[in-house]
Amino acid sequence: MRQAGRYLPEYRSLRAEAGSFLDLCLDPVRAAEITLQPVRRFDLDAAIVFSDILMVPYAFGRNLSFVAGEGPKLDPIDAGAIAGLDVSRVAERLAPVFETIGRVDDLLADELSLIGFCGAPWTVATYMVAGHGTSDQGPARLMAAREPELFQVLIDRLVEASVISLLGQIRAGADVVQIFDSWAGILNDDDFDRWSIAPTRRIVEAVRKEAHAIRIIGFPKGAGLRLERYVRQTGVDGVGIDWTVPLDFARDRLQPLAAVQGNLDPLVLVAGGAGLDRAIDAILEAMRGGRFIFNLGHGIVPETPIAHVERLIARVQGD
Ligand code: CP3
């Protein structure tokens, strides 16, 4: 997760050349190069396309920028703008992302998988409604509680755009796709069903209808106990788990249903040392009996020492 990024000097130099983060996402040559940077440097089994979940609001023609030190900024969406959301240009505006995937597919070794992705409608909606990242996703939760019909329209458009995005990525060469629901954990139980599970299930069904063999990973961060219901009801093939999920729960309740992906705490990776080794070993030991993809429990942070990433990969690969 966030395999490429600011912890890599080669990323920082391409990023400085491109100008803005959005320009980088829209530049297939540079975005393909960034996608490949981690696999050139480390012994990894997969690459994830360099893009962002907010390319979907961009594809709707919403104003999007990434402000250094502050994160994403969008024009907060209102009722009129929700009514006007139109998917007809989404594929065309995402064409640079699909081109990035095509380029990576040509350059990536055959034995490595290429992961495409989108944000889940709920998580993307939290940014579209607030206009920026928030600690409690308050603006979207309030809209969903106050005007559920309106919020449902926003979610419906995001389902349609996500399907267009994922199918475009699959046609361009993605081997696996992942749906990031980073803010699923903030939802109350009914809303988790309505705004996280139901839209994700619709995306999974629509993508599978066109791309029968594709493997789909869902990552409902913070879902906790609800992970089991999420896997059963969305029909995902794999489930990403954050670092709070107990390993025995993941082994006993999730692994029989789906491949499990996770869940090293990114800050344990920053700290390194014996604590890192112990955490890696605990994950490998718990997950060894079933389908498993070693990963972090959330995105890698810019402060991460490269030597710690090397140590992690060597330990997981059994070198
Ligand atoms: O993993 C990869 O290498 C693929 C690229 C990727 C990015 N964003 C690049 C990125 C992926 C998979 C994402 C997903 C994403 N983007 C999520 C879901 C996963 C998660 O982390 O929860 C979310 C919520 C976003 C939205 C987003 N994009 C935020 C909140 C930010 C600011 C965060 C920050 O650290 O500044 C971004 C920017 C972003 N997306 C960066 C990268 C490498 C940092 C950009 C930079 O300043 O260079």
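A polar contact here is a pair of N or O atoms within 3.5 Å; within protein, one must be able to donate a hydrogen and the other to accept it, and residues adjacent in sequence count only if both atoms are side-chain atoms. This is a predicted model: local features need pLDDT of at least 70, side-chain atom pairs count only at pLDDT 80 or more, and totals for chains, interfaces and linings use all residues. Residues are numbered from 1 along each chain as its sequence is written, and side-chain values use heavy atoms, with hydrogens and water left out.

**Stop 1: the ligand**

Select Gln 3. One of its backbone N or O atoms sits 2.8 Å from a ligand oxygen. Move to Ala 4, where a polar backbone atom is 3.0 Å from an oxygen atom of the ligand. Now pick His 298. Here a polar side-chain atom lies 2.6 Å from a ligand oxygen.

How much of the ligand's accessible area does the protein cover? The protein covers 88% of the 870 Å² that the ligand has on its own (Shrake-Rupley method, 1.4 Å probe).

**Stop 2**

Colour 9-240 as domain 1 and 262-319 as domain 2; the bounds come from an automatic or database domain assignment. Their centres, taken over C-alpha atoms, are 24 Å apart.

**Stop 3: the interface**

Select the contacts (heavy atoms within 4.5 Å). Domain 1 contributes 11 residues and domain 2 contributes 10. Now show Phe 42, Asp 43 and Lys 221. They supply 47% of the area that domain 1 buries against domain 2, more than any other three residues. Buried area is the accessible area (1.4 Å probe) that two parts lose on being put together, summed over both.
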